[in-house]
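Here are my notes on the model below. Please read them with the coordinates open.

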Amino acid sequence: MNMFSQDADFKMDVLREVGNIGAGNAATALSRLLDKPVDMAVPKVNLLPFERIAEQVGGSEAVIVAIFLRMEGDAPGNMFFLISREQTRHLLQGLLGIDAAADGDYSELELSALCEIGNILAGSYLSALADLTGLYMSPTVPSIAVDMAGAILSYGLLQFGTMGDDALLIDTTFLHGSQESEGHFFLIPDPDSFEKLFRALGVPI
Amino acid sequence: MTEANLIKIGMADMNVGIGGTLLRTTGLGSCVGLTLHDAERQIAGMAHIMLPSSEIAREGKLNLAKYADTAVPELIDRLARIGADPRRLVAKLAGGAQMFAFAGGSDSMRIGPRNVESTKHALALRSIPVIAEDTGGNYGRTIELDCRSGIVSIRSVQHGVKEI
């Protein structure tokens, strides 16, 4: 992308900070929901070939639970909250006292609860981002899928698809207490949104 | 079946094989997996198509495998180059799912069905019959093509394995 031909490192740093602030807010929300500490790794910002995006969560065929929503407004993009089935079980157990089946056959109620969790987290991510940038950002109604990572994530790459074979991914990992399970926040701004983000943050283009 | 004969095909990618070769692509969501097979020569090819039309492309050098309208002719040409007869080719399709259900749903949300329609249109232009398909739904698929028999085995999380 031309946007990154100059000051690439600095711009990546800015995006890392964007991820940090957004996901930090979401981690706080999750921690309140669970009433447990939630740790967060430093966001990874990378321009990755499509093939490698799914590798971040265990490979194209790994089964994951994904809550997807589109962010609309001044700087549109795609957002995923991705968790393993194991962590989904912990989440449902911790939040609702529901013992979900380990095989991942979720009931309507469980799916709806997960969707709502995703909604709350994505909402806090986006509101932090909107505060930071002063841009108008509004999330769509979230949608949930339990399926192969490759099939799910390709959905968030369509906007990049017309530009080339790579996508810029802001990936933040959640580490949930002592349980060695992790969740991911993927923010994939549309290619045209970077200019708006950078302008709003006073980064020279 | 040895792993040595397995060729993996990535997203927006294509490849061809002969005889005992297996062609495989994983995690088809809204993307379409297209296979073409010449039974007599036991030559086959597979493409992992991501978008319906190259008209929307804004990239410098076009990745032909990515778009339905460019992937179909390119795959036919590549098969012809290794000895397939384009008039004998038959097609199978898998994928084109709608992974997320949205109320209303903009055009980009319907990308799966549009990929399928566009691929079929491109095949019809070259008079290649679609003899089997497993498309639509709301789930991901991994497909494997046996270049000898032309049989495509399709694996999904919820529905196990089936062959077309």
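1. N78(A) is buried, because its relative accessible area is 1% and buried means under 20% (exposed is over 50%, partly exposed in between; 1.4 Å probe, protein chains only). This is a predicted model: local features need pLDDT of at least 70, side-chain atom pairs count only at pLDDT 80 or more, and totals for chains, interfaces and linings use all residues. Residues are numbered from 1 along each chain as its sequence is written, chains are lettered from A and ligands numbered from 1 in the order written, and side-chain values use heavy atoms, leaving out hydrogens and water.

2. N78(A) sits in strand β4 of chain A, residues 77–83. Strands are DSSP runs (E, at least two residues), numbered from the N terminus.

3. The side chain of N78(A) makes polar contacts with two side chains. One is R70(A), at 2.9 Å. Another is Q159(A), also at 2.9 Å. A polar contact is a pair of N or O atoms within 3.5 Å; within protein, one must be able to donate a hydrogen and the other to accept it, and residues adjacent in sequence count only if both atoms are side-chain atoms.

4. Residues that N78(A) touches include F68(A), Y155(A), F186(A) and D190(A), leaving out those up to four places away in sequence. Contact means heavy atoms within 4.5 Å.

5. Now chain B. Its five-stranded open sheet has the order β2-β5-β4-β6-β7, with mixed pairing. Strands pair if DSSP finds at least two bridges between them. The edges are β2 (14–18) and β7 (130–135), each pairing on one side only.

6. β2(B) and β5(B) (residues 43–49) run antiparallel, joined by five bridges. N15(B) has M46(B) in β5(B) as its bridge partner.

Notes:
Helix = DSSP H or I, 4+ residues; strand = E, 2+ residues; numbered from the N terminus.
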